[in-house]
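Here is a short briefing for a reader new to this structure. Look at the model first, then read the points below.

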Amino acid sequence: EDRFVDMTKFPIGAYVNEEALCAIAFGVFDGHGGYTCAEYCKSEIPKNLLSFLSQRKAGMSDEDAIKSALLRTWKQTDHNFLRTAKRKGDMSGTTACVCLF
């Protein structure tokens with residue numbers, strides 16, 4: 001029921017001397033009551049995080065932009081999965097540990 005994701009050269013929307021900075025991201029999803037939620041998080045968290053990092057507001061510090069993107073990613077992924085799970089009667093869940101550095 002467990003899943004993982006690892007991504008290298010993950011663009012974080014920050015720049016130094018006009019060069020885009022990238023991070024390495026790892027995620028472990030410990031599925032409970034089935035694999036569906038863990039699989040969903042493995043697939044959607046990277047997409048959502050990239051999307052929210054690209055929506056950075058002008059003047060926002062790198063640290064604040066990353067914190068905001070992570071928080072919005074968790075909320076959006078949770079919301080979308082619960083909506084889908086309710087429709088399908090899926091009772092699976094997952095814990096998630098994600099590291100971005």
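How many bridges join β2 to strand β3, and which way do the two run? The count is 8 bridges, and β2 and β3 run antiparallel. Keep in mind that this is a predicted model. The points below cover strands, salt bridges and cysteines.

**Strands**

- Strand β3 spans residues 93-100. Its residue Leu100 stands opposite Ala25.
- Strand β2 spans residues 19-32 and also pairs with β1. Here 10 bridges join the two strands, and they run antiparallel.
- Val16 stands opposite Glu19 in β2.
- A hairpin is formed by β1 and β2, with 2 residues between them. Asn17 sits in the turn and has a positive phi of about 50 degrees.

**Salt bridges**

- The structure holds 4 salt bridges. Three of them, Arg3 with Glu39, Glu44 with Lys47 and Glu63 with Lys67, are described here.
- Arg3 forms a salt bridge with Glu39, and their closest N and O atoms are 2.5 Å apart. Arg3 lies in strand β1 (residues 2-16) and Glu39 lies in helix α1 (residues 36-53), so this pair ties together parts that are 36 residues apart in sequence.
- Both partners are partly exposed: Arg3 has 23% relative accessibility, and Glu39 has a relative accessible area of 31%.
- Glu44 pairs with Lys47 in a salt bridge, with the closest N and O atoms 3.3 Å apart. These two residues are 3 residues apart in helix α1, so about one helical turn separates Glu44 and Lys47.
- Glu63 forms a salt bridge with Lys67, and the closest N and O atoms are 3.0 Å apart. Both residues lie in helix α2 (residues 62-88). They are 4 residues apart, about one turn of the helix.
- Glu63 and Lys67 are exposed.

**Cysteines**

- The model has 0 disulfides. A disulfide needs a pair of cysteine sulfur atoms within 2.5 Å.
- Cys37 is in no disulfide, because the nearest cysteine sulfur, that of Cys41, is 4.3 Å away and the cut-off is 2.5 Å.
- Cys99 is in no disulfide either; the nearest cysteine sulfur, that of Cys97, is 7.4 Å away.
- Is Cys37 buried or exposed? Cys37 counts as buried, at 8% relative accessibility. Cys99 is partly exposed, with a relative accessible area of 36%.

Definitions and conventions
Residues numbered from 1 in each chain as written. Predicted model: local features only at pLDDT ≥ 70, side-chain atom pairs only at ≥ 80, totals over all residues. Heavy atoms only, no water. Buried < 20%, exposed > 50% of the residue type's maximum accessible area, 1.4 Å probe, protein only. Salt bridge = Lys/Arg side-chain N within 4 Å of Asp/Glu carboxyl O. Pairing = 2+ DSSP bridges.
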